[in-house]
Amino acid sequence: MIRLLFPMLLCSCAVAGAPYDLLIRHGKIIDGTGTPWFYGDVAVRDGKIASIGQLGDADSAVVIDASHRVVAPGFIDVHTHADDDLLRLPQAENFVRNGVTTIVVGNCGGSVRDVSRYFENLRTRGVAVNVATLY
């Protein structure tokens, strides 16, 4: 689902009169706050979450049926060895397809020596996930 979401957020998908650009319906929502999960909808406007809950008659240019799926903010993988892989595979599809939006590299003593240069390379080339490193 994440793979489908990003292209829609980057384009201008609004239809005249539609209050939301994207509506994700009937998902099992885990919001990351520690509260119990619940079934509901997520509405997106201008690339940002505009509303969460039982949105009933809400209208949208694009609707995704998330029945039988989890809708959650990105997950954090705190133990990866993707340091050099991110430079070769900046789309990080193995993480993104599993809902991971932030990774920690530099584990097991494998951190890069020049952290500043490493992050500059990531910024220049672009990378699909947020990256933190141990040093």
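1. Basis of the model. The structure is a predicted model, in which local features need pLDDT of at least 70, side-chain atom pairs count only at pLDDT 80 or more, and totals for chains, interfaces and linings use all residues. Residues are numbered from 1 along each chain as its sequence is written, and side-chain values use heavy atoms, with hydrogens and water left out.

2. Main core. The largest nonpolar core contains 14 residues. Such a core is a set of buried Ala, Val, Leu, Ile, Met, Phe, Trp, Tyr and Cys residues joined through side-chain atoms within 4.5 Å, where buried means under 20% relative accessible area, exposed over 50%, and partly exposed in between (1.4 Å probe, protein chains only). The residues with the most contacts inside this core are Leu86, Phe95, Ile103, Tyr118, Val129 and Val131. Helix H3 (93–96), strand E7 (100–105) and helix H4 (115–125) each supply at least two of the core residues. Helices (H or I, at least four residues) and strands (E, at least two) are DSSP runs, numbered from the N terminus.

3. Val129 and the second core. Leaving aside residues up to four places away in sequence, Val129 touches Leu86, Ala92, Phe95, Val96, Val100, Thr101 and Ile103; contact here means heavy atoms within 4.5 Å. A second, separate core has eight residues, including Ile24, Val42, Val44 and Ala66.

4. Tyr118, Phe119 and Leu122 are the buried residues of H4. They lie on the same side of H4 because they cover an arc of only 90° around the axis, the arc being that of the directions from the helix axis to the C-beta atoms. The buried residues of H4 pack against helix H2 (85–88), E7 and strand E8 (130–133). On the face turned away from the buried side are the exposed residues Ser116, Arg117, Arg123 and Thr124. Gly126, with a positive phi near 85°, follows H4.

5. Salt bridges. Side chains of opposite charge can pair when their charged atoms come close. Counting a side-chain nitrogen of Lys or Arg within 4 Å of a carboxyl oxygen of Asp or Glu, there are four salt bridges. Among them is the pair of Arg88 and Asp85, whose closest N and O atoms are 2.5 Å apart. Both residues lie in helix H2, three residues apart, about one turn of the helix. Arg88 counts as exposed, at 58% relative accessibility, and Asp85 as partly exposed, at 31%.

6. Further salt bridges. Arg97 and Glu93 meet through their side chains at 2.7 Å, N to O. Arg97 is exposed, with a relative accessible area of 53%, whereas Glu93 is partly exposed at 38%. Within helix H4, Glu120 and Arg123 are three residues apart, about one turn of the helix, and form a salt bridge with their closest N and O atoms 3.5 Å apart. Glu120 is partly exposed, with a relative accessible area of 41%, and Arg123 is exposed at 58%.

7. Strand pairing. Two strands pair if DSSP finds at least two bridges between them. Strand E1 (residues 20–29) and strand E2 (residues 38–45) are antiparallel over six bridges, and Ile24 has Val42 in E2 as its bridge partner. Ile24 and Val42 both belong to the second core. E2 also pairs in the antiparallel sense with strand E3 (residues 48–53), over five bridges, with Arg45 opposite Lys48 in E3. E2 and E3 form a hairpin with two residues between them. In the turn, Asp46 has a positive phi of about 55°.
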